[in-house]
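This briefing is for a reader who is meeting the structure for the first time. Please look over the sequence and the model before reading on.

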Amino acid sequence: MKKILLLLFGLTALFSSSLTTEQQIYKTVLNALFPNKKQLKIWIDDKSKTQIFENIKIVKNIENADLLILFKTKTVKTDKMIFIANHHILKTYNKNRLGGFYWQKGRPNLVFFKYNLEKFGIKLPENFKIYIENN
Amino acid sequence: MKGINRIYIILLLIIFSLIIFVYFSISKTQDRLTNSIIDLYISQAQHFSKNISEQIKKDVPNNLYKTLKNNINLRKNLEDKFKVLSTDSFKYIYVLHKDKNDQFRYLLDSSKQDRGSFDEKLDIDTKNWLLVYKSGKEKTLYQKNLETLWATYLKPIVTDGKVEGIISIDFSTKLINEIKNIIKPIDNFFLYIFILIFVLVLILTYQSILNIRAKKYSNIDPLTQAYNRNFLRIFMEKIDLSKYQILMLDIDYFKKINDNYGHQIGDEVLQEVANIIRDMIRQKDIFIRFGGEEFLVFIDREKSPLKIAEDIGQRIRKSIESHNYIYNKKSLKVTISIGACLYPQHFKTPISAIKNADELLYEAKRRGRNMLVSDSNEREDGNQSSISIDGVKEAIEENRLICYYQPIVNLNNNRIVKYEALVRILKEDKEVILPREFLPNITNTNIYIEMTKVIIEKVFDTIREKNIELSMNLNLSDILDNKIFSIVKEEIEQNLSLANNLTIELLEYENIATPLLQKKLKEIKSYGVKIAIDDFGSGYSNFSVFQTLSIDILKIDGSLIKNLDNSKTSYQITKAISIFSKNLGIKVIAEYIHNEKISNIVKDLGIEFGQGFYFYKPSPYIL
């Protein structure tokens, strides 16, 4: 899967904008996290990133969201599942972060956290195992 | 002209080839330069990583992961040491190790930005990193898929033969851009040179086009768009006369059109006539404005009927005649006269052929205008010309060009003293054709030269065989013609022993006292050949000829001799000629003696020799 992702990153980096790359990645990740969800509702803290989630319902209130995707905010108080889109705030939401996707040293990085996955009853497909961290 | 154009094209090709060569050479040089700079940076990265490795080994001799895990200060200390190496070009400097799941995690990170924590994973190109781990050898990875990184230099930290970690130095794309910036001036330089050369080539090409156009227009008559005499001059240098027939066309009464309607109308008439001619001829025919209202058309005869020029000429004539010329609401009638030279290849030069066409045009004018006269049909006397140029050529080839001989007698004893050779053609049906039937057709042609050669050969053969004196006829213009003169001279030289038996009778009707003629006749006489003036007393006979030329024999013209018995004038003139010839020591022959009475009168006048039907008619035999 890593290879597929990397290939995906590579190809999309070569032939399309980073926007399209991120769209593909989030689509894949969200599909992996919520495979049975007919209509996933997400809340994002950076409205400028709306176009990444083209075919996904973005809600205005955190309460209505299934998942929060955070790009910059360190101070969101919630028990809802969070997906981190920035390495700098990755450690901020230890209690309810499912995982994160971020660029580090020019490279795309994907990580999931076992404890919180189990806590929220999420089982990832087998090919995502290599991204799961135990802590 | 074509040669110059070829040179231009070759020059252009050479320039283009040079441009391509320089482009590839510079590209190669750029690549080498780029690679050299890259090697320099990689070499630098090698030194940095070597130093980092040595420092780590010094501070952590073994159990790298465990030691660093338990010693935050050591980690910080090392990271701070290595931080100084991080630059805009060496964007990230860090050390990773591989866990049991082949996941790569941070040991140290000296990067100024985007730092990872100890034991945090970093998603890298696992395959290549594992290769480094396995081989224990350094490697440079070129990052084709990462936007901000250009390359990564990997150096394994090996302790006791075991790889404990990998030092990684990421090269920013800024580096490669900097290299490109260094190279760019060379690129730009070449680009400017290329643009300059391209502009030069454009200018050269434009100049060539202008040159070609100028040359083209310098050969075109602006009024009629036909070729002009400038073109004709160049065309005649290369022309193969056998490929063309020539039409000479002249608008009838053109001066009247100009006088009655003005020059503007005259010009319009010229344009319309030129357009009609152009419409009637084919693309391969050459149309030239020869003079004011005169045109020349060279009709290409290849794969065409024998009289193609005549056909085209008649079409032109009829079209011009039937065309309605309307100017200022007035209707104008325009006709054209045409001379057609169907055998220009028989003429020595193109100018002679054109002159022939001109003479035929003159004949058309003389006969009433608005007609075509060609050299294939009627002559002035209306008789059908028996032998055409080709006919004479055939006669020569088939040995039907023969000599008839008319004896010249001594009037005192009527004994034959010599003969005059007279050229004849024997037709296939054995009919004998006189010179007046074919000589006019071949004057100024190569056939005439051929005929002269054959005749003089036959004359010498007869002299040799029969051991007689023989005279043959030549025009003064033949002596002046270098080709004919050299043939005559050559034959004489080949028959030197017989030269004394030859007399050349010259037709004297022009002003002949030229130094060149004197020189040439002197040369012939030096071989022993005698010179006679033929038809003396007719036309433009000029006594001054005896002052300038050394004449041996004088033949009194038949027009005088024929009338001796009924014309006092003829008698007195003949008497005068006889007297002064005798005084000058010149022998005299009276021609055209046709009866006894005339013969006696001639004898009484003291003329020694006679020739004519009274004595002998010309025959193919020597008596």
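The model is predicted. Chain A has 135 residues, and chain B has 623.

**The two chains**

- Chain A contains 3 helices and 7 strands.
- Along the sequence of chain A, these elements come in the pattern α-α-β-β-β-β-β-β-α-β.
- Chain B contains 20 helices and 21 strands.
- Buried residues account for 49% of chain A and for 48% of chain B.
- In chain A, 36% of the contacts between residues at least 6 apart in sequence link residues at least 24 apart.
- In chain B, the corresponding share of contacts is 65%.

**Nonpolar cores**

- In soluble globular proteins, nonpolar side chains tend to be buried together.
- The largest nonpolar core here holds 104 residues, and B:Leu247, B:Val273 and B:Ile277 have the most contacts inside it.
- Helix H13(B) supplies the largest share of this core, with 10 residues.
- Setting aside neighbours within four places in sequence, B:Ile277 contacts B:Leu249, B:Phe287, B:Phe295, B:Val297, B:Ile316, B:Ile320 and B:Ile336.

**Helices H11 and H13 of chain B**

- Two packed helices are described by the angle between their axes and the distance between the axes.
- Helix H11 of chain B spans residues 389–397 and helix H13 of chain B spans residues 446–466; their axes come within 10 Å and cross at roughly 30°.
- Angles under 35 degrees count as roughly parallel, and H11(B) and H13(B) are therefore roughly parallel to each other.
- Their crossing is left-handed.

**B:Ala226, in a loop**

- B:Ala226 sits in the loop of chain B that runs between helix H5 (173–218) and helix H6 (229–238).
- B:Ala226 counts as buried because its relative accessibility is 1%, and buried means under 20%.
- Leaving out residues up to four places away in sequence, B:Ala226 touches B:Asn219, B:Ile220, B:Asp221, B:Arg278, B:Phe287, B:Ile288 and B:Arg289.
- B:Ala226 and B:Arg289 are 63 residues apart in sequence, with 5.8 Å between their C-alpha atoms.

- B:Arg317 belongs to helix H9 (residues 308–322) of chain B.
- With a relative accessible area of 11%, B:Arg317 is buried.
- Beyond residues up to four places away in sequence, B:Arg317 touches B:Ile336, B:Ile338, B:Asn370, B:Met371 and B:Leu372.
- B:Glu268 belongs to helix H8 (residues 263–280) of chain B.
- B:Glu268 counts as partly exposed, at 27% relative accessibility.
- B:Glu268 and B:Leu223 are separated by 45 residues in sequence and, C-alpha to C-alpha, by 8.7 Å in space.

Methods:
Residues numbered from 1 in each chain as written. Chains lettered and ligands numbered in written order. Predicted model: local features only at pLDDT ≥ 70, side-chain atom pairs only at ≥ 80, totals over all residues. Heavy atoms only, no water. Axes fitted to C-alpha atoms, helices over the stretch in contact; angles between N-to-C directions. Helix = DSSP H or I, 4+ residues; strand = E, 2+ residues; numbered from the N terminus. Parallel < 35°, antiparallel > 145°, perpendicular 65-115°, else oblique. Left-handed = near helix turned anticlockwise from the far one by under 90°. Core = buried A, V, L, I, M, F, W, Y, C linked by side-chain atoms within 4.5 Å. Buried < 20%, exposed > 50% of the residue type's maximum accessible area, 1.4 Å probe, protein only. Contact = heavy atoms within 4.5 Å.
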